[in-house]
Amino acid sequence: MSTVIENHHDDHHHGPAKGITRWLYTTNHKDIGTLYLWFSFAMFLIGGAMAMVIRAELFQPGMQIVEPEFYNQMITLHGLIMIFGGVMPAFVGLANWLVPMMIGAPDMALPRMNNLSFWILPFAFFVLLSSLFMEGGAPNFGWTFYAPLSTTYAPPSVTFFIFSVHIMGASSIMGSINVVVTIMNMRAPGISLMKMPLFVWSWLITAYLLIAVMPVLAGAVTMMLMDIHFGTSFFNAAGGGDPVLFQHIFWFFGHPEVYIMILPAFGIVSHIIETFSRKQLFGYSSMVWAMLSIAILSFVVWAHHMFTVGMPLAAEIFFMWATMLIAVPTGVKVFNWVATMFRGSITFETPMLFAVSFVVLFTIGGLSGLMLAIVPADFQYHDTYFVVAHFHYVLVPGAIFSIMAAVYYWIPKWCGNMYDERLGKLHFWLSFIGVNVTFFPQHFIGLAGMPRRYPDYALQFADWNMVSSVGAFLFGFSQLLFLFIVIKTVMGGKKATDQVWEGAKGLEWTVASPAPYHTFSTPPKVD
Amino acid sequence: MNKGAKKTLIRLVVAVPLMFAFGFALVPLYDVFCEVTGLNGKVFQSEHSDELVIDNGRDISLQFISTNNENMPWTFKPSDQVMNISTGKYHTATFYVKNTTNKKMTAQAVPSVAPSNAAEYLKKLECFCFEQQELMPGEEALLPVKLLVSNELPSNIKNIILSYTIFDITEYNEDEILAHHEMEME
């Protein structure tokens, strides 16, 4: 009799399993979220180490540390790892942790697929990184892998690169399907679409973008595979193909991908600014419509990445105006954030510091994007360090700052302990100074004509490159402090209250801290 | 899983292969787009020879450019750099080609026209670029292209550049290239 009761007990109130199998077999959205976040942290450090190699080589003109061939492999892998291994899995991890808790669902809709979509990722990056040790070296054609550089002239390891992209794509697609099915079908009664928290909205839109464009990327690398191994000529002019076609297909994926990496950041920053301004978010519905219009516009602007391939004037003008149109919904969002802070009782805890600097620095990146959208100016800026400065401003103090802000903001909920505020602020200021010292001078050397993707440069660029490298080392090494802070918080610290932050609103703050292994087994009441 | 979730799931799972197929559909769509708009300087064979009127031509100059792709060792150059032609009349230009190596090689020339909006008015009746050239070691040849520039050529265009890039395709499987080529010409 007693065994029966115990079994009954086990079935309904079990916590996590013990040991490594907990992580291998888990279908719990919180466990999988944690796995994603740690995985992306590891990739962030690996990709960051590659960035350190790049900046060390560029510290002085001339070839100092690495061979040009290895430098090319570093810039390629740095880009691929930061995008597909750092930023994207971090956002998926946050979605796993937060989406079910924010909409009052017990778990993700497809928990087993959730497990699969995480566990294939380490294999994808193992395959990609192992190419460093292959004959001919790792992929060296830049993260945009333009044909024919990535087909006719590619090292043999390109095939491994293609398969790793296939696996990453499959992982993202499964993750996105999971997010959409969860959001569309598992909201607690009373949470209508226009009452959803903005992070949930941002992820719903992001997931649709991923489902639309990741298969196109898979198609592009499949065509490369066929050109390389099966004698087709998709991108080979000698056989009637067209290398420019590659760029069109790639950027048809690539531009929505850019917004995939920033929309969840918009959601995160909206929550944090609302909380620490102790006010209601200004213009909720305009925030939703702005994200939707950004997502739709992202499908009709791809060719602004390739103005210099020799497009007809009409196409250049169309893509220029379509691109500039995106500034309108983006501007709406920036003004809404500022209006939310206006006359708020603001306090500057670490998440708020990251969120406010996100608004400022992301806007700088957005404005340099507007400059790049101007066709005649782009002929000057194309493939210079100005472009490097632009996309690093939207990705580092944009996407990555928002991820750091999210970690500081929600980590008390995840592990029940407050992080060390003093160290958090130190981490913020080191990162803030480091990021600006690294990337702001790259605007100058870019405008002065320094091309990107070269391991060496002319003497007149030496001073700003040295400044940039110093900033990069500062930024890079201060991330070890971040790692230390996160570990310290997981191990212990001041106990967090359930609400954690004074102004925090939303279902995730109604459960205990740390969040129990199972939350909202019965849907909460929402009015 | 409830019914609604299943429905959403099925829709999304169908969307993925559709978008994968769309990626491949971009290949022909891109060609069609270029043909309709005359972009990219791509030249397609004329099907409406009856529309061509012989009289009322005007004089324009036609320049020829030849390029060797990467390691293609052949000598390849136009017999004349420039021809002064009148629109609406047939003209024949020739390109000199010589296999400078000591092995048998096959080549394919790919044409392009600048300015790109002149492409649709330049009709090639015969062209060495319609077929492959196979030359023995040291063999040389004069390759003809018979062409006509339509009278409808916009009046602001007074100079057309016809450029050929010659590729070494000895290593490619000939059947596959032919199949692809026929598909393009349809």
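Me: Over how many bridges do β5 (residues 105-114) and β9 (residues 159-168) of chain B pair?
Reply: Happy to start there, with the reminder that this is a predicted model. The two strands of chain B run in the antiparallel sense. One of the pairs is B:Pro111 with its bridge partner B:Tyr164 in β9(B). The count for β5 and β9 of chain B is 8 bridges.

Me: Which strands stand at the edges of the open sheet of 5 strands in chain B?
Reply: That sheet has mixed pairing and the order β3-β1-β9-β5-β7. An edge strand here has a single partner, so one side of it is left without a neighbour in the sheet. Those strands are β3 (82-86) and β7 (133-135) of chain B.

Me: And in the open sheet of 4 strands, which residue of β4(B) stands opposite B:Pro78?
Reply: Good one to trace by strand order, which is β2-β4-β8-β6 in chain B, with antiparallel pairing. The edge strand β2 covers 75-78, and β2(B) pairs with β4 (residues 90-98) over 4 bridges. Opposite B:Pro78 stands B:Phe95.

Me: Which helix gives the most to the side of chain A that touches chain B?
Reply: The contact takes 26 residues from chain A and 32 residues from chain B. On the chain A side, α7 (158-185), α8 (198-229) and α9 (243-260) each supply at least two residues. With 7 residues, the one that gives the most is α8(A).

Definitions and conventions:
Residues are numbered from 1 along each chain as its sequence is written. Chains are lettered from A and ligands numbered from 1 in the order in which they are written. This is a predicted model: local features need pLDDT of at least 70, side-chain atom pairs count only at pLDDT 80 or more; totals for chains, interfaces and linings use all residues. Two strands pair if DSSP finds at least two bridges between them. Two residues are in contact if their C-beta atoms, placed from the backbone, lie within 7 Å.
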